[in-house]
Amino acid sequence: MKFRVNRDVLADAVAWSARALPSRPAIPVLSGLLLEAGDDIVLSAFDYEVSARVSAEADVAEPGRALVPGRVLAEITRSLPAQPVEIVTSGAEAVLTCGSIEFGLPTMPVEDFPALPATPARLGAIGGGVFATAVGQVAPATSRDEALPMLTGVRIDIAGETVTMAATDRYRIAAREFDWRPERPDATAAAVVPARALVEVAKSLRGGEVSIGLGDGVAGFESVDRSTTVRLLDEQFIDYRSRLTEDWPIRADVRVAPFIEAIRRVGLVAERNTAIRLSFDHGQVFIQAGGGEIGRGAESMDVELSGDPIQIAFQSHFLLDGLSGVETEFARIHMQSSSRPALITEVPGDADPAFRYLTMSLRAV
C-alpha cells in the first residue's frame, strides 16, 4: 500500500473515525484504524457496538490495506505540519512521512479485524443542524443506569414525514418532533439508539445533510463521505406520548434566558439535591433556594400566568435541562398542582410545540 494525501484531509478523516475507537478494546485489533487504499482511501473503526467509516481523496500509487494503532495515528496526524503526507507499508510497518518527519507504526493482522455491519437502507434525510439540535434536546433526559438499558437510549419513531425522538430516566421525559424528507411517504419505523453513541454521531455529522436507516439490529447514519452504524437497544419503551398530552389548568409563560440565569444565581446557595422553589402569581414568579448552612437566595421576575397561583419545586438541574432545550424566546410551564409533574414547552403561537419536557416536582422543604 502506498498513497499521498493532504495533511488536513488526513488529520480530519483520522480524527473523525477515531471517535469510534473503544477506550478499553475487547481485543487488540479493535484499537486499530483500518486503512484501505483504492481509488481513494477509506478509514474504518469498529468496537462491535459502533462503527465509523470515512473516505478521503488521495493519490494512490499502490492499493492495499493496513491496520495501525488508531489513537497513535490520530496524535501524529494532529501534530504534523501543513505538508503532504505519504504512507507506505513496508514489512510489519506502516511508514508515515511528512517533509523531514518520519514515523514507523506497527501493523496488526488485517484479517483479524471484524467486518463492519452493512449500513441499513436509507429511510430518509434531515439537515445535520436540526438532527444535532433534536438529539441535544432529548439526550439529557436519558438514564446513566446500565441496569435498565432501555432508559439509556433515545427512542426514534418515524411516521411518514415526521420523526419523534424521546428519552426518559423515569423522573422526566423529553421529546422532540421534526419534519424530514422520507424515501417513502408511508415509511414507518421505531428503534432505541444508545444515547451516548447518538450524541457523538450528531456532533460529528452536524455540518451537512444526514440520512438515517434502521434495520438488522443497527441504525445507520450517513453524511457526504462519512457513515456510522450503532447497535440498537431493545425496542421496548414507555408510552411517552400519553404522558405529554394531559390537561394543564395552570400555565406560565416566562422569558427563557433571564429565567435560566435567575435559577442558576439562586441555586448557588442550594445544597445538593435540594429544591428550587417557584411561587407563581399573576405577573410575577418568585424563585427561592437554600435556607441551610450555606445560606439562602431569592429573586423575582415577570411572568404571564393563566390559572390559579401555585407554589411548586423542582430539582434544579432537571429544570435547567428542560429550559435549555427551549429554542423560542419564551418557555411555557404547564402545571396541575404542586405535587404533580410539570410540562415545559416552547411558545410557538398557534402551532403545536416541537419540544416537550415533562419533569417531576419535589416536595418543597
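**Figure 1. Helices α3 and α4 pack in a roughly antiparallel pair.** In this predicted model, helix α3 covers residues 128-138 and helix α4 covers residues 195-204. Their axes lie 8 Å apart at an angle of about 150°, and α3 and α4 are therefore roughly antiparallel to each other. Angles under 35 degrees count as roughly parallel, over 145 as roughly antiparallel, 65 to 115 as roughly perpendicular and the rest as oblique. Axes are lines fitted to C-alpha atoms, for helices over the stretch in contact, with angles from 0 to 180 degrees between N-to-C directions. The crossing of α3 past α4 is left-handed, a term for a near helix turned anticlockwise from the far one by less than a right angle, whereas clockwise gives a right-handed crossing. Phe131, Ala132 and Val135 of α3 make the contact with Leu198, Val199, Val201 and Ala202 of α4. Contact means heavy atoms within 4.5 Å. By class, the contact of α3 with α4 has seven nonpolar, no polar and no charged residues. Here Ala, Val, Leu, Ile, Met, Phe, Trp, Tyr, Cys and Pro are nonpolar, Asp, Glu, Lys and Arg are charged, and the others, Gly among them, are polar. Helices (H or I, at least four residues) and strands (E, at least two) are DSSP runs, numbered from the N terminus.

Residues are numbered from 1 along each chain as its sequence is written. In this predicted model, local features need pLDDT of at least 70 and side-chain atom pairs count only at pLDDT 80 or more, while totals for chains, interfaces and linings use all residues; side-chain values use heavy atoms, with hydrogens and water left out.

**Figure 2. Helices α6 and α7 cross at roughly 160°.** The axes of α6 and helix α7 (residues 316-324) come within 10 Å. At this angle α6 and α7 are therefore roughly antiparallel to each other, and their crossing is left-handed. On the α6 side the contact is made by Val256, Phe259, Ile260, Ile263 and Arg264, and on the α7 side by Leu319, Leu320, Leu323 and Ser324. The contact of α6 with α7 divides by class into seven nonpolar, one polar and one charged residues.

**Figure 3. Helices α1 and α2 meet in a left-handed crossing.** Helix α1 (residues 7-18) and helix α2 (residues 70-79) have axes that come within 9 Å and cross at roughly 150°. From α1, the residues in contact are Arg7, Leu10, Ala11, Val14 and Ala18; from α2, they are Arg71, Leu73, Ala74, Thr77, Arg78 and Ser79. The contact of α1 with α2 has six nonpolar, two polar and three charged residues.

**Figure 4. The largest nonpolar core holds 98 residues.** A nonpolar core is a set of buried Ala, Val, Leu, Ile, Met, Phe, Trp, Tyr and Cys residues joined through side-chain atoms within 4.5 Å. Buried means under 20% relative accessible area, exposed over 50%, and partly exposed in between (1.4 Å probe, protein chains only). Phe131, Phe221, Phe259, Leu278 and Phe280 touch the most other members of the largest core. Helix α6 (residues 256-266) gives the most to this core, with six residues. A second, separate core of 10 residues includes Ile173, Val192, Tyr240 and Leu358. Leaving out residues up to four places away in sequence, Phe280 touches Ala252, Val285, Val303, Leu305, Pro309, Ile310, Ile312, Ile333 and Met335.

**Figure 5. Ala52 is a residue of strand β4 (residues 50-56).** With 4% relative accessibility, Ala52 counts as buried. Apart from neighbours within four places in sequence, Ala52 is in contact with Trp16, Ser17, Ala20, Leu43, Ser44, Ala45, Leu116, Ser227 and Thr228. Ala52 and Leu21 are 31 residues apart in sequence, and their C-alpha atoms are 8.9 Å apart in space.

**Figure 6. Arg170 and Val224 each have a positive phi without being glycine.** Phi of Arg170 is about 85°, and this residue is found in the loop between β12 (162-168) and β13 (172-179). Arg170 counts as exposed, at 56% relative accessibility. Phi of Val224 is near 55°, and Val224 is placed in the loop between β17 (218-223) and β18 (226-231). Val224 also counts as exposed, at 80% relative accessibility.

Figure 7. The C-alpha atoms fill a box of roughly 75 × 55 × 35 Å, taken along the principal axes. Of the 365 residues in the chain, 48% are buried. Among contacts with a separation of 6 or more, 66% are between residues 24 or more positions apart.
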